[in-house]
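Dear colleague,

I am handing over the structure below, followed by my notes on what was found in it. Please read them alongside the model.

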Amino acid sequence: MNPPGSLGVLEEKEEEHLATPILGPSIHSDNPQERIQARRLRIAARLEARRREALGEYLDGKKESEEDQSKSYKQKEESRLKLAKLLLCGTELVTNIQVATDTREIHRQVEEEEIKRQRLEKLENEVKTSQDKFDEITIKWEEGKQRRIPQELWEMLNAQQVH
């Protein structure tokens, strides 16, 4: 139950509320769509007020002085140019790093190919040299098999060990 004194206050507030003309949807309506629309309009009005405040307009419609506007415009423009320059420099730096890395990788691959080629060449030379020595040893063994005198075999064996 309500105390008797509070009814008078509620009635006055109700009368004030009813006395103010409602120019659109009301949040006190029984229709849910109308309440939603009223909330949307309040949010839009709030956003518009913030936008005006950001632009320097006051609620009474006055604007900041032109000098303040020109200073803020210059500051915005300088900031925009600094940001654009910073973005350009950052992009250029990243690109230069990528180019340097790519160049370094290409040089590394070229050096690796050269080292691989030199290794293969060295291996081929060793194979040829080893094959020549093996052929020479094989020929000497054939000559050794044909000789029957032990002193000649002994001399050949010593000569071959010296080589």
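Predicted model: local features only at pLDDT ≥ 70, side-chain atom pairs only at ≥ 80, totals over all residues.

Residues are numbered from 1 along each chain as its sequence is written, and side-chain values use heavy atoms, with hydrogens and water left out.

The secondary structure of the chain comes to 4 helices and 0 strands, in the order α-α-α-α along the sequence; helices (H or I, at least four residues) and strands (E, at least two) are DSSP runs, numbered from the N terminus. Of the 163 residues, 4% count as buried, where buried means under 20% relative accessible area, exposed means over 50%, and partly exposed lies in between (1.4 Å probe, protein chains only). The chain exposes about 15,400 Å², of which carbon and sulfur atoms supply 58%; accessible areas come from the Shrake-Rupley method with a 1.4 Å probe, and for residues only the protein chains shown count as cover.

Turning to charges, side chains of opposite charge can pair when their charged atoms come close. A search of the whole structure finds 7 salt bridges, a salt bridge being a side-chain nitrogen of Lys or Arg within 4 Å of a carboxyl oxygen of Asp or Glu.

In helix α3, which spans residues 66-146, R80 and E77 form a salt bridge at 2.3 Å, N to O. R80 and E77 are 3 residues apart, so about one helical turn separates them; R80 is partly exposed at 45% relative accessible area, and E77 is likewise partly exposed, at 26%. Helix α3 also holds E105 and R108, whose salt bridge has its closest N and O atoms 2.6 Å apart. E105 counts as partly exposed at 32% relative accessibility, as does R108 at 39%, and these two residues are 3 apart in the helix, which means a separation of about one helical turn.

Salt bridges that share partners also join E48, R51 and R52 into one network. R52 is partly exposed, with a relative accessible area of 35%, and E48 is partly exposed at 31%.

R39, R42, R46 and R50 form a positive surface patch. Such a patch is made of residues with over 30% relative accessible area and no salt bridge, like charges being joined within 9 Å and nonpolar side chains (Val, Leu, Ile, Met, Phe, Trp, Tyr) within 5 Å; Lys and Arg count as positive and Asp and Glu as negative, His and the chain ends not being counted, and the place of a charge is taken as NZ of Lys, CZ of Arg, CG of Asp or CD of Glu. R39 lies in helix α2 (residues 32-55) and is partly exposed, at 42%.

Finally, K133 lies in helix α3 and is exposed, with a relative accessible area of 53%. The C-alpha atoms of K133 and H163 are separated by 9.9 Å, although these residues are 30 apart along the chain.
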